[in-house]
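Please read the following report alongside the sequence and the structure.

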Amino acid sequence: MSEQDKVATGITGLDEVLYGGLPAGSISLIQGSPGTGKTTLGLQFLIEGARKYNEAGIYITFEELPEQLYRDSASFGWDLKDLEKNNLLRVICIQPEVLIDHITKPNGLLENVIKTINCKRIVLDSVSLYRVLNTEAEARNKVYLLRNVFKKWGLTTLLINEIAGLQNPLEQNSFENYLSDGVIHLSLSKFMDKYRSRQLEILKMRGTKIVEGEHRFKFLDHGIHVIPALSMAEDKLIIKNSSDTISTGIQTLDDILSGGLQRGTTFTIDTNSKANYRYIVTALLAKRLEAGDKLISMMTNTSTIDTISFALSEYGICLNDLIKEQKAYFVDLFKRDIPVNSKQYHSGIIQITDFSEEGFRKQLQEKFSDIIQTNLASGGNWFVYYDLNVLISLLGISFTQRFFAEEALRCRLNGITMLAHINFAEISQAAGSVFERASNGIIRTWVDGNYQLLQVTKSPTGRMSAPHIIENIDEKPFLRLI
Ligand SMILES: Nc1ncnc2c1ncn2[C@@H]1O[C@H](COP(=O)(O)OP(=O)(O)OP(=O)(O)O)[C@@H](O)[C@H]1O
Ligand SMILES: [Mg+2]
């Protein structure tokens, strides 16, 4: 849907979760129990429409005394009378039956007003009264009639619908729901014992993408302010400083990360033993190698150079060539012999044999510093993969924490991108938070029933993602996120 087919509500955060706004000419239900903010949201839709987009709107209320409306609006700094004077707003107080009479007559009162002010938006507060005053069948016919007339006039419409507090909005299959293009549900719930929080959720919206989830909102001085779910304070500094974004090879993951990993950052993949992380890592390493990055990768106890070579060949990558060209190195911590028929890989395997803290550092440094420094000087890009579970088992947690923090810093300073793998569930929360802090991003994967899921729980942009299901596919990268 193109931009011009959208009607921005002008309400901060709401347009974001609607990917720009309501579909033009659509009918949406604003539903919620009493006091959840329906009237405020409806009015604000008209006020912002008038003030920000110069679009006129009509607010129809069945209340007999609209004085309260003007008073409440004034508390948000909304001057309804002024907008009415400028033909950008009309507040119409009318009885439900009279409204029906008017819209069925050609050139009735409402049609005249719509023409006079060139009305684009309309709010009806509230359709629930039709149910109170009629049988269900009559109510359905009347609301359906209103919907059709508003559609015919091309108005972007909000129908306010009061529903009882205990009703489960997801199970509600009322006629109001069926005849609307969209349903926005407002609710109030307990928050941290003594507080309450207000939520807004888009239960449906035909013709546009939406951001799923319960979005918190607040009444601020100027009206409703929606805070999209899973959004955190963005780290502007990191975003600004890293112009170089590199693909992970997994499209949806790239989209979540605004293009991919930022070069020079450190990402940690958190997984439990049930979840298969290896093919996620392989897909990522294969993509980086294909893109010309040079690789240093730690071999786990279950991977050998042969299994790695086979896995990469599935992605069309010849490990033999890369090793010959000095573009890929593998760290073996298990003092394994290299199989006789894999001797060609010899120069790419770095054996670490000393597991005293100093010895480990010294060996890594001696074997890599020269290679990396020479390459960095000539403009090469490096990608490093560490299996922290293995390091923890061989060298202990506190050494691994220090080592990881130092490595992350060293990588950042040299523009080396690092991916680390760890099982947070196996270490204490305090230990985990050290790794979390040292990482610019965390990708979590776990098994839930019959599905493996993946979620970005921390990213340099401050964005968290929704959980995605991992689906295996037949072509590269052999998985996708749904
Ligand atoms: N500026 C504000 N600050 C805090 N809370 C506010 C503010 N303005 C409104 N509210 C709260 O929101 C409540 C209802 O707002 P609103 O009238 O928009 O809800 P509603 O869903 O239309 O309610 P009703 O079902 O009674 O028509 C108020 O009763 C008040 O508690
Ligand atoms: Mg109300």
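Asparagine 87 lies in the loop between helix 4 (80-85) and strand 5 (89-93), in what is a predicted model. Although asparagine 87 is not a glycine, its phi is positive, at about 60 degrees. Another residue that is not a glycine and yet has a positive phi is lysine 335, where the angle is about 50 degrees; lysine 335 belongs to the loop between strand 16 (328-332) and strand 17 (349-351).

The backbone also holds cis peptide bonds. One of them joins aspartate 125 and serine 126, with omega at about 5 degrees, and serine 126 is placed in the loop between strand 6 (119-125) and helix 7 (128-133). A cis peptide bond is likewise found between lysine 476 and proline 477, with omega at about 0 degrees, and proline 477 sits in the loop that runs between strand 22 (468-472) and strand 23 (479-481).

Three further residues can be set side by side, each with its element and its relative accessible area.

| Residue | Element | Relative accessible area |
|---|---|---|
| Threonine 268 | strand 14 (residues 266-271) | 0% |
| Glutamate 176 | helix 9 (residues 175-179) | 2% |
| Leucine 295 | strand 15 (residues 294-298) | 3% |

Threonine 268 counts as buried, since its relative accessibility is 0% and the limit for that class is under 20%. The side chain of threonine 268 makes a polar contact of 2.6 Å with the side chain of serine 439. When residues up to four places away in sequence are left aside, threonine 268 touches Ser439 and also Phe404, Ala420, Ile422, Phe424, Gly441, Ile442 and Ile443.

Is glutamate 176 buried or exposed? With a relative accessible area of 2%, glutamate 176 is buried, and its side chain is joined to the side chain of arginine 131 by a polar contact of 2.6 Å. Arg131 is also among the residues that glutamate 176 touches, not counting those up to four places away in sequence, and the others in that list are Leu29, Val127 and Asn161.

Leucine 295 is buried as well, at a relative accessible area of 3%. Beyond the residues up to four places away in sequence, leucine 295 touches Leu285, Leu289, Lys327, Ala328, Tyr329, Phe330, Trp382 and Phe383. The C-alpha atom of leucine 295 is separated by 9.9 Å from that of methionine 418, although the two residues are 123 residues apart along the chain.

These places belong to a protein whose secondary structure comes to 18 helices and 23 strands. Of the contacts between residues at least 6 apart in sequence, 66% join residues that are at least 24 apart. Buried residues make up 52% of the 482 residues, while the accessible surface comes to about 22,900 Å², with 51% of it belonging to carbon and sulfur atoms.

As for overall dimensions, the radius of gyration is 30 Å, whereas a compact globule of 482 residues would have one near 23 Å. Taken along the principal axes, the C-alpha atoms fill a box of roughly 90 × 40 × 40 Å. The protein carries 52 positive and 56 negative charges, and the mean positions of these two groups are 2 Å apart.

Key
Residues are numbered from 1 along each chain as its sequence is written. Chains are lettered from A and ligands numbered from 1 in the order in which they are written. This is a predicted model: local features need pLDDT of at least 70, side-chain atom pairs count only at pLDDT 80 or more; totals for chains, interfaces and linings use all residues. Side-chain values use heavy atoms; hydrogens and water are left out. Helices (H or I, at least four residues) and strands (E, at least two) are DSSP runs, numbered from the N terminus. The radius of gyration is taken over C-alpha atoms; the globule rule is 2.2 Å times the number of residues to the power 0.38. Buried means under 20% relative accessible area, exposed over 50%, partly exposed in between (1.4 Å probe, protein chains only). Contact means heavy atoms within 4.5 Å. Accessible areas come from the Shrake-Rupley method with a 1.4 Å probe; for residues, only the protein chains shown count as cover. Lys and Arg count as positive and Asp and Glu as negative; His and the chain ends are not counted. The place of a charge is taken as NZ of Lys, CZ of Arg, CG of Asp or CD of Glu. A polar contact is a pair of N or O atoms within 3.5 Å; within protein, one must be able to donate a hydrogen and the other to accept it, and residues adjacent in sequence count only if both atoms are side-chain atoms.
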